[in-house]
Amino acid sequence: MDDTRVPVGTEEAGAAVAEAQRARPLRAYLPVVVTAVVLGALPLLIGDSRYFLSLAVLMLVFAGYGVAFNIIFGNTEQLFLCLGALAGISGYTAAILGNRLQLPMLLGVLIGALLSALLGAAFSWVSVRRRLGVIFVGIITLSFSLVFANVLLGQRDLTGGETGLIIESAPGVVAGRGVGAYYVFLALLTVFLACHRWLQRSHVGWAFRALRDDEVAAELAGIDVARFKLIAGVIGSLMVGLVGGLYAYYEGFISPSTYAVGQVDIPVLVMLAFGGIGSLLGPVVGAAVFAVVDELLRPLSSIRTTVYGAILLVLFLGFRHGVIPALTGLGRRVRNRRTPRT
Amino acid sequence: MAVIFDGIAYGLQLGLLAVGLTLIYGLGGVLNLAHGQFAVVTAIAATVLVDVGLPMPLAILAAIALAGMLALAFDASLMRPVYRLRGEARVLLSLLLTIGAAFVIDGLLIYYYPFAALNVDISGSAVNVLGVAMRRGSLAASLLAVLALGTLILFLRYTRRGKAVRSVIQDEEGAQLCGINPARVRTAVFVLSGVLAGVAAVAEGLTSSLGATDGLDLTILALIVTVVGGLGSVAGALVAGLLLGIVYTLSSFYIGAYVTFIILLLAAMLTILVRPSGLMGKGA
Amino acid sequence: MLQVEGLHAGYGDSIVVHDVSLRIEAGEAVAIIGSNGAGKTTLLRAICGLLPVVSGHVTYDGNTLERIPPHRIARLGMAYVPAERRLFPAMSVTENLELGAYPKRPDSRLSALVFELFPRLADRRTQHAGTLSGGEQQMLAVGRALMSEPKLLLLDEPTTGLAPMLAEEAYASLKRLRGSGTTVLVAEQQVPLALDLADRGYVIEDGRIQLEGTADDLRDNPDVRQAYLGLSDQGAG
């Protein structure tokens with residue numbers, strides 16, 4: 001038996017693969033750069049309209065949520081139906097700390113985001129320890145979201161209950177709701193995308209793929225499934241916390257409905273149904289489409305819910321992994337047929 | 001003491017609501033998150049029919065039949081691609097598709113019937129049950145629940161078709177080897193779950209009222225009871241329903257609405273953490 | 001009664017059974033012998049519809065079975081007793097038997113026959129199937145299959161998990177079954193018992209039929225003797 005050979009399924013092999021992938025970093029991050037540039041140019045198109053600017057910011061916020069969800073669910077199949085609650089924990093923490101203790105925005109948001117990350121870690125750790133399947137993780141996180149919403153409603157003294165909280169903050173880039181705020185969120189989103197890209201190309205991403213393919217086999221091959229699920233949970237939750245916290249300062253006002261399941265988790269699902277669960281840019285595409293569709297449907301009031309339901313149905317019946325991946329998959333197949341085999 | 005009786009009454013309703021959901025999971029490993037919508041559709045349909053002139057009992061029967069037909073439509077359309085998958089992929093797709101369907105129905109109902117609500121009025125003085133005064137509506141709802149659940153249990157335990165249903169739950173391959181068609185059984189039980197949701201809606205209408213906006217709340221309640229009782233266990237749904245019903249009533253009487261709901265949710269979370277198979281579920 | 005031609009079957013992308021052909025006449029008892037993983041279970045499951053047939057033909061009583069779902073095949077009179085038995089654990093012995101007769105009404109005459117064949121089950125009529133011992137579960141599985149009055153009985157390693165004495169008892173019961181005219185196809189690792197029961201046999205290894213012949217021929221075949229009976233021509237094994 002040749003001892004110098006590296007068995008195929010081990011971490012060493014994965015590191016070797018990742019090493020080879022590191023060869024062409026520029027091309028790998030190109031999609032991120034292009035996206036950042038394109039989105040960076042968007043305010044120029046929008047001009048002075050505060051309305052469209054706020055829409056664009058919303059798009060960036062949801063894209064951020066989407067990237068986080070893709071990292072958590074798309075990579076490690078942890079169905080965290082608590083994105084809104086995680087964002088809300090950060091947002092409310094930042095708001096309360098800012099209002100009551102006059103903590104500066106950055107510190108408040110950071111603390112809030114760390115809380116979210118901690119909670120996300122707890123969920124990941126618990127679901128690994130108890131070997132919870134996808135639906136149990138979904139149910140437990142969904143239950144948590146509802147608990148959180150009820151706590152917000154019940155603890156009126158702290159959270160303002162149904163009427164919500166106004167954030168009394170000093171005017172800043174984010175609170176100013178101008179173009180500056182847009183670029184702050186864009187910077188954050190770009191960092192998220194770069195992070196996701198980096199994860200994909202690294203040893204961690206290799207482990208994610210093995211995990212997704214066959215968790216049991218990955219475990220048997222020596223991959224520490226628990227560690228990688230935890231990594232995904234923490235990173236994703238941290239992202240959600242950062243976005244949620246900043247968003248609170250941006251809006252200047254938060255209430256339970258800002259972070260409700262129906263306001264965050266469900267739209268994220270619809271977005272990703274379109275953009276592709278697990279993909280890198282899917283959240284951006286999905287968020288853009290969703291922002292437009294949402295605005296167009298605004299006058300229709302509750303029929304909007306129907307339309308989103310219909311979108312979910314059509315997309316998950318027809319395009320199991322999202323419309324965009326289906327289309328890009330088609331493009332790849334066509335290209336492969338045209339180029340000669342090397 | 002009266003509170004406990006109310007708790008039992010509510011518990012029976014919860015059990016009735018959850019039993020359909022848990023049956024479908026036990027049979028096919030799918031979660032129907034549009035379950036609450038079946039109840040709401042029944043409520044709204046009954047209201048509409050009464051407005052049109054039908055006597056209440058007839059309207060209710062017709063509405064329940066409508067719920068059954070809606071369930072049949074669901075099974076024939078949405079569930080087909082779901083049953084082609086296995087295990088976690090199957091349950092995930094069922095989650096996503098039924099949520100989508102739930103939203104479609106929810107949005108339509110709220111849009112067209114925002115104020116319709118089912119209120120089944122049984123006028124009359126309170127009835128004395130074992131020394132406790134109970135409202136007629138509450139008593140009627142309890143009797144209805146007992147009747148429906150009793151019929152279901154008798155059906156499952158003592159009839160040939162009922163045993164065929166249980167056989168598919170206990171060992172689907174074994175059932176196939178006995179000549180039982182699992183797909184047909186799943187369809188029948190899906191329709192049954194729709195009907196049971198409809199009956200639960202009537203019970204709710206007897207005790208308070210049920211409107212178009214209550215759909216998702218009902219689904220969540222049913223889900224909580226199902227999880228605590230054990231996914232797939234009919235007995236579990238009943239026991240959990242009674243337990244949670246009593247807890248709910250006691251808590252909302254002595255503490256308050258928000259905390260009560262939190263307690264129920266925490267019960268579900270605790271169950272998943274400590275004993276995922278629920279109170280009476282089959283295996284971990 | 002049963003004719004299999006050029007059957008290929010497997011799981012997902014891997015084909016386990018290659019080009020298998022066999023036949024069974026009414027009233028016969030045929031054994032399929034082979035070691036662990038030879039493909040016996042795959043073959044039986046493909047015949048009774050639990051596994052898709054990749055290519056080839058299965059003809060039973062004039063019906064082509066390849067596309068027919070397993071519950072319909074069961075109703076055509078082919079009863080399959082899997083190695084895992086697949087009983088209904090939370091239902092009583094009687095209920096398990098009654099379901100075997102589905103959709104027909106439970107026939108007390110039939111259950112009486114089953115209890116006669118397996119007296120130990122009669123003592124445990126109301127016991128839940130999940131609480132029975134391995135041997136009793138095996139008996140119940142066979143009994144349940146018999147309740148549908150099958151024309152063809154397929155048994156997959158009926159001695160799985162049975163102590164040698166129980167295994168012999170099981171085969172004794174199977175012989176009595178044969179007496180009543182049931183056609184039997186049994187897949188077995190315990191070759192002596194199977195060949196004792198059967199008229200003819202097939203040897204399967206690596207998913208292919210390696211040998212076929214009468215039970216006597218197979219018993220005398222030197223390769224069979226060496227591989228499965230632990231005997232060699234140069235002294236006892």
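Residues are numbered from 1 along each chain as its sequence is written, and chains are lettered from A and ligands numbered from 1 in the order in which they are written. In this predicted model, local features need pLDDT of at least 70, side-chain atom pairs count only at pLDDT 80 or more, and totals for chains, interfaces and linings use all residues.

**Stop 1: chains A and B.** Select both chains. Two pairs of chains touch, and the pair A and B has the most contacts. Two residues are in contact if their C-beta atoms, placed from the backbone, lie within 7 Å. Chain A brings 31 residues to this contact, and chain B brings 34 residues.

**Stop 2: the chain A side.** Now select α6 (134-154) and α14 (303-318) of chain A; each supplies at least two residues of the side that touches chain B. Helices here are DSSP runs (H or I, at least four residues), numbered from the N terminus. Which helix gives the most to this side? α6(A) does, with 14 residues. Colour this side by class: 19 residues are nonpolar, 10 polar and two charged. Ala, Val, Leu, Ile, Met, Phe, Trp, Tyr, Cys and Pro count as nonpolar, Asp, Glu, Lys and Arg as charged, and the others, Gly among them, as polar.

**Stop 3: chains A and C.** Select these two. They do not touch. Their nearest C-alpha atoms are 15 Å apart.

**Stop 4: inside chain A.** Nine residues of domain 1 of chain A contact six residues of domain 2 of chain A. On the domain 1 side, six residues are nonpolar, three are polar and none is charged.
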